[in-house]
Protein chains: 2
Amino acid sequence: MLLELYDCEPEAINSLDVVKASMVEAAKRAQATIVDVVFHEFSPVGISGVVVIAESHLAIHTWPEHRYAAVDVFSCGDILQPQIAADYLVEQLGAARASVVELQRGVLLHAPHTPVAVDG
Amino acid sequence: MLLELYDCEPEAINSLDVVKASMVEAAKRAQATIVDVVFHEFSPVGISGVVVIAESHLAIHTWPEHRYAAVDVFSCGDILQPQIAADYLVEQLGAARASVVELQRGVLLHAPHTPVAVDG
């Protein structure tokens, strides 16, 4: 799921604490199991961060000068509820406009190929 | 850029070392400035990882049991060369089939909104 957040609160999306807390809480609300959290503050403005989850990841990049943030929610399986994460982020980051695109990955997986056994 | 890698070498995409080294080298070849590297091995199989770069991020999730890996290369600006990263990963992970989709983000950024000043 690709989420575009426009007309965000610039103070919110330029705050490492706000962005990180919002992403972690969004992951929890989406029922994700958090594995690792990595966030960075860029100079002069902007935050990038990734929440690695057992079901895959949530990533964010913010451009406070454009009041814009791009969020990716990558998940596998039916357990995760990405829409809940999206709604929460729209609210927390004060986005006046948002667009969501959902994309299926691995769509060619069931095309002919040679299956293999992997030791696990 | 969303990259789908099919019919990969299962040993390669189940190796934390191979996946991590391939992603880091792909980022370097794409002229990215690496900020942080986070990789995890899942049980029984599968690797997830993110290379956070100044220009945004590269993420990978692998399913060795399906010989499939999903890679996202998120970049801003014209400096990064994601196609070079993609070609390198196809080669290193032994993907017999691959598909690439490029998506523009923030396409509504130039729609009317109120610009703001942000202290940096």
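Author: One term to begin with: buried area is the accessible area, taken with a 1.4 Å probe, that two parts lose on being put together, summed over both. The model is a predicted one, in which local features need pLDDT of at least 70 and side-chain atom pairs count only at pLDDT 80 or more, while totals for chains, interfaces and linings use all residues. Residues are numbered from 1 along each chain as its sequence is written, chains are lettered from A and ligands numbered from 1 in the order in which they are written, and side-chain values use heavy atoms, with hydrogens and water left out.

Reader: OK, what area is buried between chain A and chain B?
Author: About 4000 Å², with 66% of that from carbon and sulfur atoms.

Reader: How many residues does each chain put into the contact?
Author: Chain A gives 49 residues and chain B gives 49 residues, where contact means heavy atoms within 4.5 Å.

Reader: Which side chain does A:Glu4 meet?
Author: That of B:Arg105, at 2.8 Å from N to O. The pair runs from strand β1 (residues 2-6) of chain A to the segment after β6 (97-101) of chain B. Helices (H or I, at least four residues) and strands (E, at least two) are DSSP runs, numbered from the N terminus.

Reader: And B:Glu4, which residue is its partner?
Author: A:Arg105, in a salt bridge of 2.8 Å, N to O.

Reader: Switching to helices. At what angle do α2 and α3 of chain B cross?
Author: Roughly 150 degrees, for α2 (residues 16-29) and α3 (residues 82-92), with the axes coming within 8 Å. Axes are lines fitted to C-alpha atoms, for helices over the stretch in contact, and angles run from 0 to 180 degrees between N-to-C directions.

Reader: So are α2(B) and α3(B) roughly parallel or antiparallel?
Author: Roughly antiparallel, a label for angles over 145 degrees; under 35 is roughly parallel, 65 to 115 roughly perpendicular and the rest oblique.

Reader: Which residues of α2(B) make the contact?
Author: B:Ser22, B:Met23, B:Glu25, B:Ala26 and B:Arg29, against a set in α3(B) including B:Tyr88 and B:Leu89.

Terms used
A salt bridge is a side-chain nitrogen of Lys or Arg within 4 Å of a carboxyl oxygen of Asp or Glu.
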